Amino acid sequence: LFRMAYGMGHSNWELVEHYRENLYFESAAMILTLITLGKFLETRAKRKTGDAIRALMDLSPKTAMVLRDGKETEIPVEEVLVGDLVIVRSGGSIPVDGVIVSGRGAVDQSALTGESVPVEKASGDTDIGGAYLGKDGYDFEKITPDDVDDKLFTRNMNNVQTYFNNCKDIVGEDNLSFLLVPTSGYVLSDKLPKNAILFNQDSYIDKVKNSMSGFNFIDARDELKSHKDEDIYYRTDHHWTTLGAHYGYTQWEKSKDCKPVSKKDMNFTKVTDKFRGSLYSKVLDGDSAYDDIYIAQNGDLDKFTVEADGKKLEGFYCEEMLDKKDKYAYFFGGNYGEVKIHNESSDKKGNLLVIKDSFANSFVPLIADDYENIYMIDLRYYGGNMLNYLKEQNIDEVLVLYNISNFVSDRNVYKLNL
């Protein structure tokens, strides 16, 4: 434009014509229009978000009806004290956090749990988002009898039995084992809230145990209960700790008439004290405790090579997961369809197949030194023929390891017999 103005001022029409052909007014106008439109949409979105937040804040009660000295008194929410009895009538909003001491009703707790349907609450209830709030900072999975599909459980149990029957001529009955881990709510039942209802784990574990006649069923219930005063389950997560896995390992070795490595000789090492797990994600209690994660070293870690779904891992433990929310994924980096562990020690023999859920992730490092190769299969992510896999990898021992709550609900166990 400046050159064109210069040309016009000096009657240099050739110069004007030259630059006239190189102007892009439509492109400049389009860019300015798009930028202006973007700013407009951004401003409108911010305004709508602000309006929504203000509307949500307006829904919060500004006052609360409390019972003091036998009289109902309406006071500002900020003046409610710990120990006050707050009265909430039908259709009203709950102004503060608390425990129901009398009455019942349907409560909309979607803002906390995401549940769109109001949940029935009554006096004595101590659960939220599918978790019970227990003693000493423990949260527990809320799995009631109504949550268990008996038909699915029976199919899963029969599928394991069928697979073992198909494998016994290859590896032998004594080398087919099933370790079914009870939940923290079962082992630490004294820490459950008074009105907590859980499904009958003894009944389901006993049914599996009876179905494993001729095979090696590892019953860890008594072993875990005898150590219930130790940190064998996380407070904010549904998994057992490495110490709990060690006691499961102890029972596994005893079932094979082998001497387990003692807790003292396992060399337990803390890797983080900032773990809040799956149950914390349900409860979202800012005052929840932090859990410690330990590892136990059985043998030289450098002599193992680990491969997950065809990708080489650094080892049993993934350091970067300690900086993420799901710190339990520190074990192997999470779950995979297939994990291969090779022990490079020349004196180790035997190939173990572990068919598992995530409870095995903290268990397998404890037994890795006993085998030349361990193959971990998670049926949620693996769809190959398991009998062919047994033959292809020259497996001579099989361990099925599940937590009971996962086993009764897993819809992938049928893959054992594809």
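**Cores, a helix pair and selected residues**

Not counting residues up to four places away in sequence, Ile 341 touches Phe 304, Thr 305, Val 306, Phe 316, Phe 332, Val 364, Glu 372, Asn 373, Ile 374 and Met 376, where contact means heavy atoms within 4.5 Å. The model is predicted, so local features need pLDDT of at least 70 and side-chain atom pairs count only at pLDDT 80 or more, while totals for chains, interfaces and linings use all residues. Residues are numbered from 1 along each chain as its sequence is written, and side-chain values use heavy atoms, with hydrogens and water left out.

Ile 341 also belongs to the largest nonpolar core, which has 54 residues; Ile 341, Phe 363 and Ile 374 are those with the most contacts inside it. A nonpolar core is a set of buried Ala, Val, Leu, Ile, Met, Phe, Trp, Tyr and Cys residues joined through side-chain atoms within 4.5 Å. Buried means under 20% relative accessible area, exposed over 50%, and partly exposed in between, with a 1.4 Å probe and protein chains only. With five residues, helix 9 (residues 242–255) gives the most to this core. Helices (H or I, at least four residues) and strands (E, at least two) are DSSP runs, numbered from the N terminus. A second, separate core has 37 residues, including Phe 164, Cys 167, Tyr 382 and Met 386. In soluble globular proteins, nonpolar side chains tend to be buried together.

Next comes a pair of helices. The axes of helix 5 (residues 150–171) and helix 7 (residues 201–211) come within 10 Å and cross at roughly 30°. The axes are lines fitted to C-alpha atoms, for helices over the stretch in contact, and angles run from 0 to 180 degrees between N-to-C directions. Because of this angle, helix 5 is roughly parallel to helix 7; angles under 35 degrees count as roughly parallel, over 145 as roughly antiparallel, 65 to 115 as roughly perpendicular and the rest as oblique. The crossing of helix 5 and helix 7 is right-handed, that is, the near helix is turned clockwise from the far one by less than a right angle. Helix 5 contributes Asp 150, Phe 153, Met 157 and Gln 161 to the contact, and helix 7 contributes Tyr 204, Lys 207, Val 208 and Ser 211.

Backbone angles are the next topic. Most residues other than glycine have a negative phi. Phe 332, one of the residues touched by Ile 341, has a positive phi of about 65° although it is not a glycine. Phe 332 lies in the loop between strand 14 (311–313) and strand 15 (338–343) and counts as buried, at 2% relative accessibility. Asp 69, also not a glycine, has a positive phi of about 55°. The loop between strand 1 (63–68) and strand 2 (71–76) holds Asp 69, which is exposed at a relative accessible area of 80%.

Two further residues remain. Lys 259 is found in the loop between helix 9 and strand 11 (268–275) and counts as exposed, at 80% relative accessibility. Its C-alpha atom is separated by 17 Å from that of Pro 365, 106 residues apart along the chain. Asn 417 is in the segment after helix 13 (404–407) and counts as partly exposed, at 26% relative accessibility. Leaving aside neighbours within four places in sequence, Asn 417 is in contact with Asn 159, Thr 162, Tyr 163 and Asn 166.
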